[in-house]
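Work through the exercises below with the model open. Each task is followed by a solution in steps.

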Amino acid sequence: MTDDSAPIQSICVYCGSRPGRDPAHMAAGRELGKHIAESGLRLVYGGGTKGIMGAVASGVLSNGGKVTGIIPEFLVDMEATRHSLGQLDELIITPDMHTRKHGMFERADAFVALPGGIGTLEEIVEIMTWGQLGRHEKPMVFANINGFWDPMMELIRHMTEEGFIHTSHRVQPLVIDKIADIIPAIRKHAAEVQGPRDGEVAVISKL
């Protein structure tokens with residue numbers, strides 16, 4: 001588990017295991033990985049070596065950074081190759097998705113969602129849900145490449161206006177268009193948090 005009283009040391013990135021149709025998404029993955037490495041931070045991610053997931057990991061590794069990949073056994077041959085997984089400096093293979101998600105949460109000081117599909121959406125929404133319940137105050141970022149997350153932001157606004165997000169002050173992810181602005185924004189947000197960012201991890205582990 002990370003030290004929640006220390007500065008940001010690791011960033012969890014959620015993103016697609018496919019490249020998507022817009023080349024900007026893969027480029028954003030590589031750029032974010034480069035910035036993570038150059039900032040002396042560790043990447044925590046789902047272990048995939050294909051699509052945008054692979055681009056982020058490659059961006060970190062090719063710039064001398066550290067990567068922790070956490071992947072369930074049944075996805076190893078679907079989202080990665082065993083040879084490419086061997087290039088990560090830390091690999092954790094879990095028995096299921098539940099264990100994977102909690103491992104990623106515990107090892108990360110902040111979360112970034114790049115473009116992706118249903119899995120990416122589910123992961124960042126779960127982190128937002130835990131935040132809404134007051135279980136953590138770790139920074140959450142939507143990397144809004146070419147407006148990819150605009151429909152999601154509109155949906156959150158709609159749910160808030162309709163009275164379904166009763167603690168909306170806890171569900172305020174950072175929406176950032178430029179990759180270069182992400183890490184400075186995360187560090188600024190973390191510095192403003194009073195008290196532990198990790199929240200009640202013992203409770204989260206049961207969610």
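**Exercise 1. Aromatic cluster**

Task: Trace the cluster that ring pairs make out of Tyr14, Phe105, Phe111 and Trp130.

Solution. Start with the ground rules. The model is predicted, so local features need pLDDT of at least 70 and side-chain atom pairs count only at pLDDT 80 or more, while totals for chains, interfaces and linings use all residues. Residues are numbered from 1 along each chain as its sequence is written, and side-chain values use heavy atoms, with hydrogens and water left out.

Step 1. Apply the pair rule: rings of Phe, Tyr and Trp (its six-membered ring) pair if their centres lie within 6.5 Å; planes under 30 degrees apart are stacked, over 60 edge-to-face, the rest tilted. The count comes to five aromatic pairs.

Step 2. Take Phe105 and Phe111. They are stacked, at 5.9 Å centre to centre with 10° between the planes.

Step 3. Take Phe105 and Trp130. This pair is edge-to-face: 5.3 Å centre to centre, 85° between the planes. Phe105 sits in helix 5 (residues 97–107) and Trp130 in helix 6, 25 residues apart, so the pair links distant parts of the chain. Helices (H or I, at least four residues) and strands (E, at least two) are DSSP runs, numbered from the N terminus.

Step 4. Check burial. Buried means under 20% relative accessible area, exposed over 50%, and partly exposed in between (1.4 Å probe, protein chains only). Phe105 has 1% relative accessibility, so it counts as buried. Phe111 is at 0% and therefore counts as buried too. Trp130 is also buried.

**Exercise 2. The largest core**

Solution. Step 1. Define the set: buried Ala, Val, Leu, Ile, Met, Phe, Trp, Tyr and Cys residues joined through side-chain atoms within 4.5 Å. The largest core has 34 residues, and Ile11, Val13, Leu43, Val112, Leu114 and Ile182 have the most contacts inside it.

Step 1. List the elements: strand 1 (10–14), helix 1 (23–38), strand 2 (42–45), helix 2 (51–61), strand 3 (66–72), strand 6 (140–143) and helix 8 (182–192). Helix 2 gives the largest share, five residues.

Step 2. Look for a second core. A separate one of 21 residues includes Tyr14, Val44, Met128 and Ile165.

**Exercise 3. Helix 8**

Task: Which residues of helix 8 are buried, and which are exposed on the other side?

Solution. Step 1. Ile182, Ile183, Ile186 and Ala190 are buried.

Step 1. Find the partners, with contact meaning heavy atoms within 4.5 Å. The buried residues pack against strand 1, helix 1, strand 5 (111–113), strand 6 and strand 7 (174–176). Ile182 touches Leu32, Val112, Val141, Ala143 and Ile176, not counting residues up to four places away in sequence.

**Exercise 4. Strand 6**

Task: Where do the side chains of strand 6 point, and which strands pair with strand 6?

Solution. Step 1. Met140 and Phe142 point one way, Val141 and Ala143 the other. All are buried.

Step 1. Strands pair if DSSP finds at least two bridges between them. Strand 5 and strand 6 run parallel, joined by three bridges. Val112 stands opposite Val141.

Step 2. Strand 6 also pairs with strand 7 in the parallel sense, over three bridges. Here Phe142 stands opposite Val175.
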